[in-house]
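Please read it alongside the sequence and structure shown here.

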Amino acid sequence: MKKFLITLLMALAPMTASAAGGAGVPLDKIDIDLNNQASLQRGMQTFVNRCMGCHEAGYQRFERSAQDLGMPNELVEQYLIFDPERKIGDHMKIAMAKTDAAGWFGAPPPDLTLETRLRGSDWVYTYLRSFYADENRPWGVNNAVFPDVGMPNVLEDLQGKVVNHCSPAELAHGGNDEIDPLTGKKMGGCLTVSEAGSQSAEEFDRTIYDLVNFMTYMGEPSRMESERIGFKVLIFLAILFVFAFALKKEYWKDVH
Ligand code: HEC
């Protein structure tokens with residue numbers, strides 16, 4: 001029964017996710033590349049440095065990431081595990097108590113191991129690039145795809161300060177459709193950087209790309225392996241086809 005309920009919940013998860021995903025905001029597409037090890041490694045670096053202060057990835061072990069991403073265990077221990085109590089074989093957990101965090105942020109920072117499966121990689125990619133300044137919020141920021149979010153914009157030093165110049169209704173639909181009289185093009189997006197951060201817009205997109213690439217890997221660590229095996233299976237089938245076809249010709253050649 002329990003198993004059945006869990007399966008049912010997992011089947012329904014994508015529905016609840018899109019319902020909560022700030023309906024209407026068009027999501028930016030991310031083209032995941034699990035074969036890009038350098039990107040995945042940079043993503044993991046950002047994740048442990050910038051996200052694991054608050055979030056855990058409690059279903060993933062450091063060691064598994066190290067193996068899959070082609071990083072030696074010693075380097076991971078030295079540079080990516082900050083808590084001296086934790087070992088390479090441990091889950092990627094943190095010390096912050098959930099109840100404390102709920103008090104500080106209004107909501108506890110959820111475990112992110114399966115976040116891209118829950119919300120979709122496009123959503124996470126868009127979310128992390130959709131914070132904007134809003135003085136009415138406790139942390140001075142709001143988010144276009146997650147209205148009234150409890151998370152501060154932890155990457156503001158990289159991205160810079162972002163301002164929104166749309167009405168709430170326009171923001172909820174991803175921008176205004178007004179035509180720029182000078183260029184004749186749609187003016188589009190609502191969010192622009194008003195004070196530059198340490199990265200340019202392209203660099204920041206790249207940072208988030210790598211981060212979400214890593215998070216997507218983490219949500220489905222065996223997908224990397226499946227893709228590799230799947231490719232080999234296709235090659236095998238292609239070769240098998242040649243022989244099967246030759247055999248078929250051989251069998252049928254006298255039938256006509
Ligand atoms: C200072 C603490 C803090 C840090 C650091 C932080 N977050 Fe969060 N994050 C939160 C809190 C709190 C929430 C819950 C917000 C809510 O429900 O209103 C959250 C929510 C989220 C969500 C949405 C979860 C959901 O589906 O409801 C995502 C995705 C996320 N964080 C990703 C990240 C990533 C990626 C990083 C690293 C770049 C990061 N966070 C760093 C505090 C933090």
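A polar contact is a pair of N or O atoms within 3.5 Å; within protein, one atom must be able to donate a hydrogen and the other to accept it, and residues adjacent in sequence count only if both atoms are side-chain atoms. A contact of this kind, 3.5 Å in length, joins the side chains of Gln78 and Tyr79. The model is predicted.

**Gln78**
- Gln78 belongs to helix H4, which covers residues 73-79.
- Because exposed means over 50% relative accessible area, Gln78, with 53%, is exposed.
- Between the C-alpha atoms of Gln78 and Ile88 there are 9.9 Å, and the two residues are 10 apart along the chain.

**Ligand shell**
- The ligand is surrounded by 22 residues, and the closest are Cys51, Cys54, His55, Glu115 and Met151.
- By class, the residues of this shell comprise 17 nonpolar, 2 polar and 3 charged.
- A nitrogen atom of the ligand lies 2.8 Å from a polar side-chain atom of His55.
- An N or O atom in the side chain of Glu115 is 2.6 Å from an oxygen atom of the ligand.

**Annotated binding site**
- In an unreviewed entry, UniProt lists Cys51, Cys54 and His55 under "binding site".
- Of these residues, Cys54 and His55 are included in the lining of the largest cavity.

**Cys51**
- Cys51 lies in helix H2, which spans residues 37-51.
- Buried means under 20% relative accessible area, so Cys51, at 14%, is buried.
- Leaving aside residues up to four places away in sequence, Cys51 touches Thr46 and Leu211.

**His55**
- His55 sits in the loop between H2 and strand S1 (57-61).
- With a relative accessibility of 10%, His55 also counts as buried, because the limit is under 20%.
- Leaving aside residues up to four places away in sequence, His55 touches Ile94, Pro109, Pro110, Leu112 and Met151.

Conventions: Residues are numbered from 1 along each chain as its sequence is written. This is a predicted model: local features need pLDDT of at least 70, side-chain atom pairs count only at pLDDT 80 or more; totals for chains, interfaces and linings use all residues. Side-chain values use heavy atoms; hydrogens and water are left out. UniProt positions are given in the numbering used here, feature names are shortened, and annotations may be inferred rather than shown by experiment. On a 1 Å grid over the protein atoms alone, a cavity is a set of points where a 1.4 Å probe fits but cannot get out, and a pocket is an open set with protein on both sides within 12 Å along at least five of seven lines; lining residues have an atom within 4 Å of a point. Helices (H or I, at least four residues) and strands (E, at least two) are DSSP runs, numbered from the N terminus. Buried means under 20% relative accessible area, exposed over 50%, partly exposed in between (1.4 Å probe, protein chains only). Contact means heavy atoms within 4.5 Å. A residue is near a molecule or strand if one of its heavy atoms lies within 4 Å of it. Ala, Val, Leu, Ile, Met, Phe, Trp, Tyr, Cys and Pro count as nonpolar, Asp, Glu, Lys and Arg as charged, and the others, Gly among them, as polar.
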